[in-house]
Amino acid sequence: MTSQGQSLGKVSVSQISARRRGLVQEGGHIGAGLYAALAVHDVVVESAASTDEILSMLGKDTRLIVLNGNTNDDQIRRTTRRVRHAPYGWSIVIIVLADAFADRALATRRQQKWEIDMCLPTGAPKKLLAERLGPALLRRQPISEIPDLPKPVSTALDELWGALERGTYYALLQLDKRAEETEIRAAFKNLAQIAHPDRHRVRMKNYPACVERITSVYKRLSEAHGILTHPIRRRLYDLCLKSGQTVRYEPEKLDASFRSEIDLCKTDEAKMAVLESINARLGGDWRAAARYMEIAIQAEPRNPGLKTRTDSVKRVCLVAAPIEMSIESHGGYV
Amino acid sequence: MSNATEPVIGIDLGTTNSCVAVVIDGEVHVVPDESGSPLQASVIAFLKGGSVVVGNQAKQEIMIDPVNTVFSAKRLIGRSFDSPEVQRAVRTLPYQVIRGEDQQPFIEIRGERFGLPEVSGMVLRRMKDIAEAYIGRTVQQAVITVPANFNDTQRQMTKLAGELAGLHILRVINEPTAAALAYGYGHDVNARVGIYDFGGGTFDITILDIRENVFEVLSTAGDGYLGGDDFDERLVRCMAVAFEQQHGYTIDVDPIACARLNHVAEKTKLELTETDRAIVNVQELTIGPDGQSLDLRFRLDRQGFMERCQDIVQRTFVVCDEALRGARLQAQDLEQIVLVGGSSRIPIVREMVGQYFGRAPLVDLNPDEVIAIGAAIQGAALAEDFFVEDHTKVQPLLLDVAPQSLGLASVDDYYEVLIERNAQIPCERKQVFTTSQNGQTSVRIRIFQGEHNSVGRNTQLGEVELYGLRAAPRGEVKIEVAFEIDTDGIVVVRALDLETGLEQATRVHTSAGYSDEEIEDMRRRSGL
């Protein structure tokens, strides 16, 4: 067993109250070596006939899914998506053993894309699999399984970790989208108390992998705090969310026309007003959009680019107004 | 702090003086040396016969044997040989500063070459020894402070100095932040505070929000060329003008007289801090054109000093404005202004700071000790387990920021900022890089710190080289590089090959840094 595997054994296995389940899809033997490794990690193997059955058996205590044999791309995708959308604390290692993964380059690309922990061709030596299993389980081990931290703290950390990839900054800080700046600051400070890596230096010194995870949680928290307490960036972030592309602050992913419009502004006032205007446009409120553009123009009267934009927004507003009325007259959305 | 925990000392490694403090049983002790002095001169004297004396005993050697006595090493550490600071030092310092193969400066004493971290390490070792004698047990861990405007290389070199002194450096923290800890920790402070740190050669302002022992730095700004020395220079000018008016003869042609004036100016400045007027009388300052000796007679009152030096203090407010903008605050939003640093003793500074912020600044902290105290508090907090069941004391949590923007040179030498200044640390930004030529197997990324739009005006930290890439048509290999600023304010670079998901090998060449062999040499000489 690898050193990480051993440290996992030492860490917590005896303290885990419920044994962990490994769901293995039938259709090819996974090998004695792997079974032995799973036993070391206190994972009990249950077999399932198909991917569908695995998905139906999936539960809170599932730690491992081994997709085997003739699994096709679609089945893999469904499984990984399901696991990715599982509630927090479900830290599941996914292994795919399929002939499709004999092409290494293709395999690694899919592995990245679908967040598969390991994929190997069916005929790969099972010893290799057993060796890598320990580190993979450790990487995905919920912090709450580590007995050294007070339960509320580790549960909260798991929750944050679970929200990291798909949670918005608001969700991370456990806030409403309309939260005031003071609330944002307070929420961040509360979470920083338990999620700052400095807090874990002493207690978690035997779990570097966990400290690393906590550090990445903290980095995202402080990113969220930095963006949400900056009025313009916060507005821009709200736009990012509306565009649906991302849950992080990535204005570069915004529509190019929006970006160029924001870049037209020199002053913060104008920028803020333009952001409000774009927001209103996305919500279909062109009158408000035009009003905000007027505010922007007041802030920067000598900005020809901004003037042109304002005029075109006003034009749309004139055209859009009667449509709004016609929608109202029908009493619903079209 | 329980006895079972390893002691962590806090060291203020200063340009002129250093100070060490430690928390014992929840109490901060500023550690005195054998003779009871809380301060040690940051001076290293290399005596004839090979022995080395560090600290207060070495101080007199500056006068006796200036060529073999190193002081003000902090001005040089982590800077490249061609930088203006090092160039100025080469001209003015009596000991010899030479250039290594690369850009890195060395100090040459009696034919032997020393790296800057090595000499600073000697000061740190002295501080460690003093602390060990005081506590009565070995010390292996420390927190060291640096000026807020220190860049990555300066921080790394300071950390290396600590290691060469046989210390494990738990954290490198900013001096104003340390001062804030000393001011606010355990004193039930809940306020927005400005730390106005006006030292001998640098000025830093840090704005913090302190609530329930969470010390959140909102912004920091600094000027590395603004300090007490500017007052001295101004006084020297005034005296030179007075001398010329008296004798009709300029003193600028006599370098020794100028050096003496410098010394006199510093004394005058100190005197005007204590008293309302100073009378300067220097006999035989220089020899006139006719061979006669010329004296200087000069008198200045506090009012006159104020008038002549107002603009220097005014320049600190330009920096304060910058910090306030960074924190999106107004001067009057700050609920307390804390003055630290030697130059904050000057009455005109206190007065003008009071006017600028609209409130009387707090001046009762001991500027010599406050930074080491803060470092010791942070050290104790890092050594203690936060999650102990019955902790009676709330531990401080320090949330510091990146003092300078971190960026890289893009295609046509345009400076692309990755991490903005005042971003909370630790933080990370990822960027995807790709090859621009067919079959290219390595990519070089130049990284910089600074605020200028053009790359050339910022400080180059070094070069990251991604090597051993798969030979492929251009644009096909995609490498994701994560630039991180860690809790020490030090830059960490990691790279990931997006195609294979494997860690991409990187090499970081630091500018003004030492080669591995040179560092190895330093370790060997330091007995590690």
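Which strands of chain B does helix α9 of chain A lie across? In this predicted model, helix α9 (residues 181-195) of chain A lies across β14, β15 (214-223) and β19 of chain B, and runs at about 115° to β19(B). The contact between the two chains draws 23 residues from chain A and 20 residues from chain B.

**Where the chains meet**

- On the side of chain B that touches chain A, the elements giving two or more residues are α11 (370-383), β19 (397-399) and β22 (427-434) of chain B.
- Sorted by class, the residues on this side of chain B comprise 11 nonpolar, 4 polar and 5 charged.

**The sheet of chain B**

- An open sheet of 5 strands is formed in chain B in the order β18-β13-β14-β15-β19, with mixed pairing, and its edge strands, each pairing on one side only, are β18 (336-340) and β19 of chain B.
- From one strand to the next, the twist of this sheet averages 25°.
- Within the sheet, β13 (residues 191-198) and β14 (residues 203-211) of chain B pair in the antiparallel sense over 8 bridges, and in this pairing Tyr196(B) stands opposite Ile205(B) of β14(B).
- In general, the strands of a sheet pair through backbone hydrogen bonds, either parallel or antiparallel.

**Helix packing in chain A**

- Two packed helices are described by the angle between their axes and the distance between the axes.
- Helix α9(A) packs with helix α10 (residues 208-228) of chain A at an angle of about 165°, the axes being 10 Å apart, which means that α9(A) is roughly antiparallel to α10(A).
- The crossing in which α9(A) passes α10(A) is left-handed; here Ile184(A), Phe188(A), Leu191(A), Ala192(A) and Ala195(A) of α9(A) meet Ile214(A), Val217(A), Tyr218(A), Leu221(A), His225(A) and Leu228(A) of α10(A).
- By class, the residues in this contact of α9(A) with α10(A) are 10 nonpolar and 1 polar, with no charged residues.
- A second pair consists of helix α2 (residues 32-40) and helix α6 (residues 126-139) of chain A, whose axes come within 8 Å and cross at roughly 15°, so α2(A) is roughly parallel to α6(A).
- The crossing of α2(A) and α6(A) is right-handed, and the contact is made by Gly33(A), Leu34(A), Ala36(A) and Ala37(A) of α2(A) together with Lys126(A), Lys127(A), Leu129(A), Ala130(A) and Leu133(A) of α6(A).
- The contact of α2(A) with α6(A) has 6 nonpolar, 1 polar and 2 charged residues.

**Local backbone features**

- Most residues other than glycine have a negative phi, and most peptide bonds are trans.
- Gln174(A), a residue other than glycine, has a positive phi near 55°, and its place is in the loop between α8 (169-172) and α9 of chain A.
- Ile425(B) and Pro426(B) are joined by a cis peptide bond with omega about 0°, and Pro426(B) is found in the loop between β21 (415-419) and β22 of chain B.

**Confidence in chain A**

- Chain A has a mean pLDDT of 80, with 86% of its residues reaching 70 or more.
- Over residues 1-17 of chain A the pLDDT stays under 50, and the model has 26 contacts beyond four places in sequence for this stretch.
- Residues 328-334 of chain A also have pLDDT below 50, and this stretch has 2 contacts in the model beyond near neighbours in sequence.
- Where pLDDT is low, the predicted coordinates should not be read in detail.

Technical notes: Residues are numbered from 1 along each chain as its sequence is written. Chains are lettered from A and ligands numbered from 1 in the order in which they are written. This is a predicted model: local features need pLDDT of at least 70, side-chain atom pairs count only at pLDDT 80 or more; totals for chains, interfaces and linings use all residues. Axes are lines fitted to C-alpha atoms, for helices over the stretch in contact, and angles run from 0 to 180 degrees between N-to-C directions. Helices (H or I, at least four residues) and strands (E, at least two) are DSSP runs, numbered from the N terminus. Angles under 35 degrees count as roughly parallel, over 145 as roughly antiparallel, 65 to 115 as roughly perpendicular and the rest as oblique. A crossing is left-handed if the near helix is turned anticlockwise from the far one by less than a right angle, and right-handed if clockwise. Two residues are in contact if their C-beta atoms, placed from the backbone, lie within 7 Å. Ala, Val, Leu, Ile, Met, Phe, Trp, Tyr, Cys and Pro count as nonpolar, Asp, Glu, Lys and Arg as charged, and the others, Gly among them, as polar. Two strands pair if DSSP finds at least two bridges between them. pLDDT is the predictor's confidence in each residue, from 0 to 100.
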